[in-house]
Amino acid sequence: MVEPIRWGILATGGIASTFVEDLALLDDCRVTAVASRSAERAAAFAKKHDIPKALESVQALAADDEVDIVYVATPHSHHYLPTLQLLEAGKHVLCEKAFAYNAAQARTMFDVAREHQRFLMEAMWTRCNPAIREMRRAIKEGMIGEVVSVHGNFSFSGDLPTSHRLRNIELAGGALLDLGVYPITLAHLVLGKPDSVVATSVKDTTGVDAQTAITLRYPNAIAQLSCSYRGGPANEVTISGTEGRIELRDYAYRPSGYTLVRYNETPREFEAPYVGHGYVHEALEVHRALRQGRLESTLVPPQGTVEVMQIMDEVRTQIGLRYPGETHPK
């Protein structure tokens with residue numbers, strides 16, 4: 001029998017709950033503890049998901065001998081320090097996106113993981129999605145020729161209170177870090193690190209970006225990306241090449257397939273369904289790495305996480321967005 005991988009969960013919000021539901025679909029792991037600054041929320045979460053321990057702090061989770069890896073599902077503003085505490089205590093970590101405030105923090109997090117020989121990965125489920133992986137394979141095989149452009153958007157319209165994490169500057173809110181990270185990641189997946197970044201935004205009254213438009217320039221390609229919680233275009237991504245294009249429709253960052261359009265040919269539909277809510281695949285990547293003794297993911301490599309953070313750093317510089325308490329470690 002293979003020993004189960006024992007998960008701890010840090011935070012009790014919606015994404016943590018959904019992730020735990022997906023972990024329940026795997027037979028080689030179990031969730032042994034959940035931690036929150038609120039004892040009541042931790043207890044309620046533990047009861048809902050049948051988790052043995054409800055803890056009141058990240059320190060208690062870090063000290064728990066029955067936890068191998070921790071899923072950090074706190075707001076963006078609370079990724080950096082808890083991740084460092086967990087790594088230094090000997091825990092592996094899967095940390096939600098956006099990974100940190102900035103690229104400097106991200107580099108420090110990976111440096112500490114290497115120092116303590118612990119596994120660390122950004123929870124970017126898009127990179128692990130079966131349809132995205134099949135799409136990348138098709139692009140590498142030349143099905144659309146040389147990639148010349150990426151058009152991507154992630155927007156929604158909602159009546160959010162000023163206290164909501166998306167509008168709260170104290171929680172590193174804004175459209176960019178929460179929504180824009182997805183189209184930027186997809187552009188990075190197919191084109192890599194850009195030569196230049198140009199960005200503009202519409203600010204919320206709270207100081208965060210409510211709507212942002214980004215142009216990434218490459219030697220032979222351009223990516224035009226946008227994000228907003230004020231409404232916007234459909235959440236679709238089109239990757240165009242010299243011989244065709246790939247279309248990701250509906251919720252393009254957790255697709256169940258894609259459309260391949262080769263110029264002057266009939267469009268072809270490809271299906272690659274995800275399991276559960278879609279988080280299963282990033283959990284499987286974590287399990288593969290841990291069982292193989294790897295400290296880094298091949299699907300979500302540290303370099304990719306840092307380079308996406310660098311793009312967002314430049315966007316924030318151009319739109320004038322800095323978060324209270326943001327630190328820039330050397």
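Helix H8 passes helix H10 in a right-handed crossing. The axes of H8 and H10 (residues 302-319) come within 10 Å and cross at roughly 125°. Axes here are lines fitted to C-alpha atoms, for helices over the stretch in contact, and angles run from 0 to 180 degrees between N-to-C directions. H8 and H10 are therefore oblique to each other. For the angle terms, under 35 degrees is roughly parallel, over 145 roughly antiparallel, 65 to 115 roughly perpendicular, and the rest oblique.

This is a predicted model: local features need pLDDT of at least 70, side-chain atom pairs count only at pLDDT 80 or more, and totals for chains, interfaces and linings use all residues. Residues are numbered from 1 along each chain as its sequence is written, and side-chain values use heavy atoms, leaving out hydrogens and water. Helices (H or I, at least four residues) and strands (E, at least two) are DSSP runs, numbered from the N terminus.

Which residues of H8 meet H10? They are Leu-176, Leu-177, Val-181, Ile-184, Thr-185 and His-188. Their partners in H10 are Gly-304, Glu-307, Val-308, Ile-311, Met-312, Val-315 and Arg-316. Contact means heavy atoms within 4.5 Å. The residues of this contact divide into eight nonpolar, three polar and two charged. Ala, Val, Leu, Ile, Met, Phe, Trp, Tyr, Cys and Pro count as nonpolar, Asp, Glu, Lys and Arg as charged, and the others, Gly among them, as polar. An α-helix has 3.6 residues a turn, so residues three or four places apart point the same way.

Now turn to the sheet. Eight strands form an open sheet in the order S8-S9-S10-S7-S11-S12-S13-S14, with mixed pairing. Two strands pair if DSSP finds at least two bridges between them. Strand S8 (196-203) and strand S14 (268-271) stand at the edges, each with a single partner strand, so one side of each has no neighbour in the sheet. The twist averages 10° from one strand to the next. S13 (residues 257-262) and S14 run antiparallel, joined by four bridges. Thr-259 stands opposite Glu-269 in S14.

H8 (residues 175-191) lies across S7, S9, S10, S11 and S12, running at about 160° to S10. Look at Val-148 in strand S7. Buried means under 20% relative accessible area, exposed over 50%, and partly exposed in between (1.4 Å probe, protein chains only). Val-148 and Ala-187 are 39 residues apart in sequence and 11 Å apart in space, C-alpha to C-alpha.

Some backbone angles deserve a look. Most residues other than glycine have a negative phi, and most peptide bonds are trans. Ala-172, in the loop between S7 and H8, has a positive phi near 60°. Ala-172 is buried, with a relative accessible area of 0%. Asn-264, in the loop between S13 and S14, has a positive phi near 70°. Asn-264 counts as exposed at 85% relative accessibility. The peptide bond from Lys-97 to Ala-98 is cis, with omega near -15°. Ala-98 is found in the loop between S5 and H5.

Just after H4, Gly-90 takes a positive phi of about 95°.

Terms used
A crossing is left-handed if the near helix is turned anticlockwise from the far one by less than a right angle, and right-handed if clockwise.
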